[in-house]
Amino acid sequence: MWVCGAVFRLRALAGPRKGLCPASGCRGPAAASYSASADPPRVRALVYGHHGDPAKVVELKNMELAAVGGSDVHVKMLAAPINPSDINMIQGNYGLLPELPAVGGNEGVGQVIAVGSNVTGVKPGDWVIPANPGLGTWRTEAVFSEEALIEVPSDIPLQSAATLGVNPCTAYRMLMDFEQLQPGDSVIQNASNSGVGQAVIQIAAALGLKTINVVRDRPDIQKLTDRLKNLGAEHVVTEEGLRKPEMKNIFKAIPQPRLALNCVGGKSSTELLRQLAPGGTMVTYGGMAKQPIIASVSLIIFKDLKLRGFWLSQWKKDHSLELEPYTVLPPLEGWLPTV
């Protein structure tokens with residue numbers, strides 16, 4: 001998900017800052033140790049030394065760039081997004097927390113500048129993204145171990161490359177893992193204009209699935225509706241519209257959804273459950289409203305609805321032995337994430 005729809009470009013940070021980050025303590029968990037040479041190269045990074053309000057705890061600091069070891073890769077960051085999970089991690093209320101002090105940012109794309117003598121998977125000029133969260137992408141350059149990176153094509157849009165590793169993969173796995181959907185089936189989701197939501201729309205369309213996309217009302221709702229429909233959305237409704245009896249008219253043309261994707265919680269998640277077909281599943285992967293899921297007892301009993309959760313980091317751990325090296329997303333012909 002993009003904050004304010006913008007890429008966070010570390011290269012745009014200009015001007016020297018006082019206060020150097022100690023060379024021994026500001027690297028991401030997968031970064032190599034920093035060089036102890038007398039005059040090592042300097043890079044700039046957004047660092048936090050303790051958890052709290054990002055506006056108060058994150059600082060722009062100069063850091064020493066590590067020497068490139070045999071299995072290391074020197075990467076120049078090209079772009080990195082700001083996701084809700086990045087903010088949660090800084091606040092200290094995420095499922096995975098790096099050792100402090102840490103560099104912010106879990107996603108992004110960089111270009112390989114140099115490689116160690118033992119590196120075989122990437123070469124200078126290649127584009128790479130983090131293999132796992134916690135790498136620390138909000139910096140101008142870094143030295144990472146080869147195993148911490150995944151090569152991606154360098155001829156795709158920069159913003160798509162910078163957001164390829166989390167949102168599209170989350171969308172794909174939720175569409176594939178919880179219900180056996182067939183072309184013509186429908187899926188309902190909230191937060192449909194989020195990064196995951198837009199990926200769900202595009203991947204579902206490529207799979208022949210119909211999407212019912214719930215968004216918050218806003219003055220330019222028609223503009224947002226048109227944009228989501230251009231991505232492949234079948235229907236776009238507001239949170240208020242979801243509660244109206246007219247919602248039943250949608251299901252005259254398409255089947256009731258057996259899968260609901262919830263990133264909001266609270267009343268929004270309750271309304272998603274109401275729209276599910278008997279035996280359907282609601283998968284929760286976020287809680288933007290910071291409110292609990294309220295599930296009707298009658299819906300659970302009489303419609304036999306299922307509530308599940310999904311976290312991509314846990315999925316990767318559970319399937320680590322099945323994944324081939326440098327694999328991000330199974331190929332879908334003609335599909336590329338649009339952000």
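Helices (H or I, at least four residues) and strands (E, at least two) are DSSP runs, numbered from the N terminus. This is a predicted model, in which local features need pLDDT of at least 70, side-chain atom pairs count only at pLDDT 80 or more, and totals for chains, interfaces and linings use all residues. Residues are numbered from 1 along each chain as its sequence is written, and side-chain values use heavy atoms, leaving out hydrogens and water. Let's look at one helix, then the core.

**Helix H5**

- Helix H5 covers residues 195-206 and spans 17 Å from its first C-alpha to its last, close to the 16 Å expected at 1.5 Å a residue (1.5 Å times one less than the number of residues).
- In H5, 10 of the 12 residues are buried (under 20% relative accessible area; exposed is over 50%, partly exposed in between, with a 1.4 Å probe and protein chains only).
- Those buried residues pack against elements including helix H4 (167-177) and strand E12 (259-262), where contact means heavy atoms within 4.5 Å.
- Just after H5, Gly208 takes a positive phi of about 80°.

**Nonpolar cores**

- A nonpolar core is a set of buried Ala, Val, Leu, Ile, Met, Phe, Trp, Tyr and Cys residues joined through side-chain atoms within 4.5 Å.
- The largest one has 24 residues, and Met174 and Phe310 are among those that touch the most other members.
- H4, H5, E12 and helix H10 (312-318) each give two or more residues to this core.
- Not counting residues up to four places away in sequence, Met174 touches Val196, Leu259, Leu261, Val283, Tyr285 and Phe310.
- A second, separate core has 16 residues, including Val237 and Phe251.
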